[in-house]
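This briefing goes through the structure shown below, topic by topic. Please keep the sequence and the coordinates at hand while reading.

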Amino acid sequence: MNDITKMLLGQITDFKPDFKGAYNIREDGGCAGRQSSENIKIENKTDKPGIDIRIAAGTVGETVYIPACVTHGDVNDLVYNDFFVGKDADVVIVAGCGVHTSDGHDARHNGIHRFFLEEGSRVKYLEKHIGTGMGSGGRSIDPVTEVFLGKNSVLEMDTEQIGGVDRSVRNTSAVCEEGARLLVRERLLTAKDQFAETNFKVELNGLDSAADIVSRAVARDTSKQVYTSDIVGNAPCSGHSECDAIIADKASVNAAPRLIANHGDAALIHEAAIGKIAGEQILKLRTLGMTEEEAEAKIIEGFLS
Amino acid sequence: MIKLENISWSTPEGNRVLDGVNLTIPDGKLVVITGPNGGGKTTLAKIIAGIVTPDSGKIYLDGEDITDLDVTERARRGVSFAFQQPVRFKGVTVRQLLQWSAGDRKLSDAQLCDILGNVGLCASEYLGREVSSALSGGEIKRIEIASVIARGTKLSIFDEPEAGIDLWSFANLIKAFRRIHEELGGTLIIISHQERILRIADEIVLLSDGKLGASGPANEMMERVLSSGSAAYACRKQEVAFNE
Ligand SMILES: Nc1ncnc2c1ncn2[C@@H]1O[C@H](COP(=O)(O)OP(=O)(O)OP(=O)(O)O)[C@@H](O)[C@H]1O
Ligand SMILES: [Mg+2]
């Protein structure tokens, strides 16, 4: 594992080298460390780049790390990772991606993650994306997340991209069977001339299935963001999506939520709000002794926390 | 000591709201400003905090002319202001807001608990809550007051702290004001229509039609304020009805 990978890992995960459980560290398209545990087996795919992560039924309380790092320009990494989560397992999956380039060349990571959750299983999926380095080389991260939620399973996804990524297209889709729940908490920050697009597509097919997507974004300078969400209710189900954006300077945010109800008992709600930081918020923090700049930074920090 | 000298302010449309206000408040005093709605109380408080700039007049804090200092600089010199209509912050917890209020002083859980106790809120229930629309009007108002208590500065201004607060929490609040006043020796300016707040004042100042109508010690001013058909009088009637 090179020093840049070590630096990136420190920023995107709390992974420690002496970690006893299962992990796979991807570095510039190769493998910089792997370990399986008794309940969580990691193996190479045979037909394409990537790994299969098999989590045994009933595995409870384990964490598996599968971060990916790109540490220099001229890397265009494409990887397919599939997670098979056994019945009644309850685990934490820490992914995350860091892309670094300082040599003037572009660096890109494109991770396609599929999750197959069996009945009654629960996954907490943590994903943090950053870009670092200097120079003109572009940093892009384009994650694709596909989730298949079996009966009464739950996937809680916590995803953030809060700095340094120049271009990002994030596609998340999920299919929920009976009683299954998808919870997504997303945080995005773009600055300068960065671009981020995030698209959600959720199909609620089973009785009492549910989805809750909460996305908060801050767009500054001349950056651009696009948010779309399609929640399709095909059964008695409940779906909620919320897109909240703070916009500053000359940035632009385009939010297009869509709700599609194909069943009379589908209850779908969407909330969206885009606006600049309220002047009263800045004023309140100034009465606490902060400067205008400090107040703005605190408001954004809080909003994205 | 805070001293206002000949302060005047008109609305952008040219309506005179404050007309040559003079007011001196010695250190450690608790002064209540009362008067009819629209009389200019909030405007006067915001002028002291630096949020509104007067058209003319001077403001002195401990002898220093602070008229040209902005909100941040006045806050750093020890002026705190609890807004009549508090603002909400998405994603910011009560704990964070109170910690920001305290500045560099790191607040322990016990201190946070103590601060929230002043406004009748239980720390274990509220510290992790977001200061967002998920809080009720009364809750956000009490947190606003707590944020000023957390600062513990030499001058604290509270703009209608009673508004939207239930009578049980209100009793705590009165105790908190007394404590800041008596134990901590802070100077307090409270804008209020509430008889029970008027009663704890060292001095009551009546502001109407842009002028300081009358001012004096609480015991002398009380009857005058209450008989004038003021909001405090209406408030007393409500409270009597409630207690019955
Ligand atoms: N920015 C402003 N623009 C226009 N008019 C204003 C502005 N600020 C205050 N005013 C007017 O000045 C007058 C005094 O307002 P202020 O809020 O100071 O009254 P108040 O005494 O605090 O009233 P209340 O008891 O209702 O809180 C009101 O008529 C108000 O409409
Ligand atoms: Mg007012």
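## Ligand sites and chain architecture

Helix H1 of chain B contributes the most to the shell around ligand 1, giving three residues. The model is a predicted one.

**Surroundings of ligand 1**

- The shell around ligand 1 holds 16 residues, and the closest are B:Asn37, B:Gly38, B:Lys41, B:Thr42 and B:Thr43.
- By class, the shell of ligand 1 splits into nine polar, four nonpolar and three charged residues.
- B:Gly38 takes part through its backbone: one of its backbone N or O atoms is 2.8 Å from an oxygen atom of ligand 1.
- B:Thr42 takes part through its side chain, where an N or O atom lies 2.8 Å from an oxygen atom of ligand 1.
- The side chain of B:Glu160 has an N or O atom 3.3 Å from an oxygen atom of ligand 1.
- Ligand 1 on its own exposes 640 Å², and 61% of that is buried by the protein.

**Magnesium site**

- Which atoms coordinate the magnesium ion (ligand 2)? They are OG1 of B:Thr42 and OE1 of B:Gln84, at 1.9 to 2.3 Å.
- These two residues link distant parts of the chain, being 42 residues apart. B:Thr42 sits in helix H1 (residues 41-49) of chain B, and B:Gln84 in the loop between strand E6 (79-82) and helix H3 (94-102) of chain B.
- B:Thr42 has a relative accessibility of 23%, so the residue counts as partly exposed.
- B:Gln84 is also partly exposed, because its relative accessible area is 29%.

**Chain B as a whole**

- Chain B contains ten helices and ten strands.
- Its radius of gyration is 18 Å, close to the 18 Å that the globule rule gives for 244 residues, so chain B is as compact as a globular protein of that length.
- Along the principal axes, the C-alpha atoms of chain B fill a box of roughly 50 × 45 × 35 Å.
- Of the 244 residues in chain B, 54% are buried.

**Sequence separation and spatial distance in chain B**

- B:Glu203 belongs to strand E9 (residues 203-208) of chain B. B:Glu203 and B:Val31 are 172 residues apart in sequence, yet their C-alpha atoms are 4.9 Å apart in space.
- Is B:Glu203 buried or partly exposed? Its relative accessible area is 25%, so B:Glu203 is partly exposed.
- B:Ser8 is part of strand E1 (residues 2-10) of chain B.
- B:Ser8 counts as buried because its relative accessibility is 8%, and the limit for buried is under 20%.
- B:Leu97 lies in helix H3 of chain B. Between B:Leu97 and B:Ile189, which are 92 residues apart along the chain, the C-alpha atoms are separated by 22 Å.
- With a relative accessible area of 3%, B:Leu97 is buried.

**Chain A as a whole**

- Chain A contains three helices and 22 strands.
- Its radius of gyration is 20 Å, which agrees with the value near 19 Å that a compact globule of 305 residues would have.
- The C-alpha atoms of chain A occupy a box of roughly 55 × 55 × 35 Å along the principal axes.
- Buried residues account for 52% of the 305 residues in chain A.

**Positive phi angles in chain A**

- A:Asp28 is not a glycine, but has a positive phi of about 50 degrees. The residue is located in the loop between strand E1 (23-27) and strand E2 (30-35) of chain A.
- A relative accessible area of 22% makes A:Asp28 partly exposed.
- A:Asp221, likewise not a glycine, has a positive phi of about 50 degrees. Its place is the loop between strand E18 (209-219) and strand E19 (224-233) of chain A.
- A:Asp221 counts as partly exposed, with a relative accessibility of 30%.

How values were computed:
Residues numbered from 1 in each chain as written. Chains lettered and ligands numbered in written order. Predicted model: local features only at pLDDT ≥ 70, side-chain atom pairs only at ≥ 80, totals over all residues. Heavy atoms only, no water. Donors = N, O, S within 2.8 Å, 3.2 Å for Na, K, Ca; no water. Helix = DSSP H or I, 4+ residues; strand = E, 2+ residues; numbered from the N terminus. Buried < 20%, exposed > 50% of the residue type's maximum accessible area, 1.4 Å probe, protein only. Near = heavy atom within 4 Å. Polar contact = N/O pair within 3.5 Å; in protein donor to acceptor, adjacent residues only side chain to side chain. Areas by Shrake-Rupley, 256 points an atom, 1.4 Å probe, with all protein chains shown as cover. Nonpolar A, V, L, I, M, F, W, Y, C, P; charged D, E, K, R; others polar. Rg over C-alpha atoms; globule rule 2.2 N^0.38 Å.
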